[in-house]
Amino acid sequence: SVSSTPVSTLRESPNGAVGYKFGSSVDEARTTCGAAGQILKSRSENVYLCNAVAPQFQLEGVVLIRTCSSGMVCQIDLVVSASYPTHNEWLKAYRSLSTTLHQRYGAAATGTSPTDVSACQGDFQVCLSDGRLRYSTTWKWPTGYAVQLANGKTDGRIHINYFDPEGVQSP
């Protein structure tokens with residue numbers, strides 16, 4: 001069973017995240033990654049990885065940058081590196097990030113979370129990774145921008161995905 005939150009008024013949409021800007025070039029993303037002491041690496045034709053977040057953002061994680069047909073940055077995925085040994089610790093971290101995003105952007109447009117987690121108490125990381133436990137909170141703007149806080153579909157880690165209008169439409 002899934003619970004949902006109604007649509008609410010949002011503050012200004014993001015123009016990027018953790019130092020990366022929508023519409024910037026790969027070279028500009030490379031400079032941002034360099035500020036975090038890392039080298040931006042290509043993972044595929046239009047996906048790039050930075051193995052750190054600049055210190056001023058006070059988050060440990062990796063950043064995946066995606067360029068769309070324009071060749072410019074249209075998606076930014078922050079993957080939080082911390083691992084949490086229990087479901088309660090993971091959920092506390094998720095809720096803390098959700099609160100931070102709520103304070104920055106306003107109330108989320110949609111939110112889903114499982115109402116029964118009893119089947120996954122033994123190994124919740126497997127349940128997060130295989131989709132039996134799915135958490136997702138999404139902010140959407142009429143301008144086409146979106147932010148989604150969710151557990152990763154294959155890794156169980158906490159992801160914050162930022163999309164510009166072109167990124168939202170891309171597969």
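These legends describe close-up views of a predicted model.

**View A. Cys 50 sits in a strand and is buried.**
Cys 50 belongs to strand 4, which spans residues 47-50. Its relative accessibility is 0%, so Cys 50 counts as buried. Setting aside residues up to four places away in sequence, Cys 50 touches Tyr 20, Cys 33, Gln 38, Leu 40, Val 62 and Val 63. Pro 165 is 115 residues from Cys 50 along the chain. The C-alpha atoms of these two residues are separated by 23 Å.

**View B. The largest nonpolar core holds 39 residues.**
Six members touch the most other members: Tyr 20, Val 63, Ile 76, Trp 90, Ile 158 and Tyr 162. Helix 2 gives the largest share, seven residues.

**View C. Tyr 20 and its contacts.**
Tyr 20 is one of the core members that touch the most others. Neighbours within four places in sequence are left aside here. Tyr 20 is then in contact with Asn 15, Ala 29, Thr 32 and Cys 33, among others. Its contacts also include Cys 50, Val 63, Ile 65 and Ile 76.

**View D. Asn 161 is buried in strand 10.**
Strand 10 contains Asn 161. The relative accessible area of Asn 161 is 14%. Buried means under 20%, so Asn 161 qualifies. Apart from neighbours within four places in sequence, Asn 161 is in contact with Ile 76, Asp 77, Ala 146, Val 147 and Gln 148.

**View E. Trp 90 and Tyr 94 form a stacked ring pair.**
The whole structure has five aromatic pairs. In the pair of Trp 90 and Tyr 94, the ring centres are 5.4 Å apart. The ring planes lie at 15 degrees, so the pair is stacked. Trp 90 and Tyr 94 are four residues apart in helix 2, so about one helical turn separates them. Both residues are buried.

**View F. Trp 90 also pairs with Tyr 135.**
Here the ring centres of Trp 90 and Tyr 135 are 5.1 Å apart. Their planes are at 45 degrees, so this pair is tilted. Trp 90 lies in helix 2, whereas Tyr 135 lies in the loop between helix 3 and strand 8 (136-140). The pair therefore ties together parts that are 45 residues apart in sequence. Trp 90 and Tyr 135 are both buried. Ring pairs link Trp 90, Tyr 94 and Tyr 135 into a cluster.

Conventions: Residues are numbered from 1 along each chain as its sequence is written. This is a predicted model: local features need pLDDT of at least 70, side-chain atom pairs count only at pLDDT 80 or more; totals for chains, interfaces and linings use all residues. Side-chain values use heavy atoms; hydrogens and water are left out. Helices (H or I, at least four residues) and strands (E, at least two) are DSSP runs, numbered from the N terminus. Buried means under 20% relative accessible area, exposed over 50%, partly exposed in between (1.4 Å probe, protein chains only). Contact means heavy atoms within 4.5 Å. A nonpolar core is a set of buried Ala, Val, Leu, Ile, Met, Phe, Trp, Tyr and Cys residues joined through side-chain atoms within 4.5 Å. Rings of Phe, Tyr and Trp (its six-membered ring) pair if their centres lie within 6.5 Å; planes under 30 degrees apart count as stacked, over 60 as edge-to-face and the rest as tilted.
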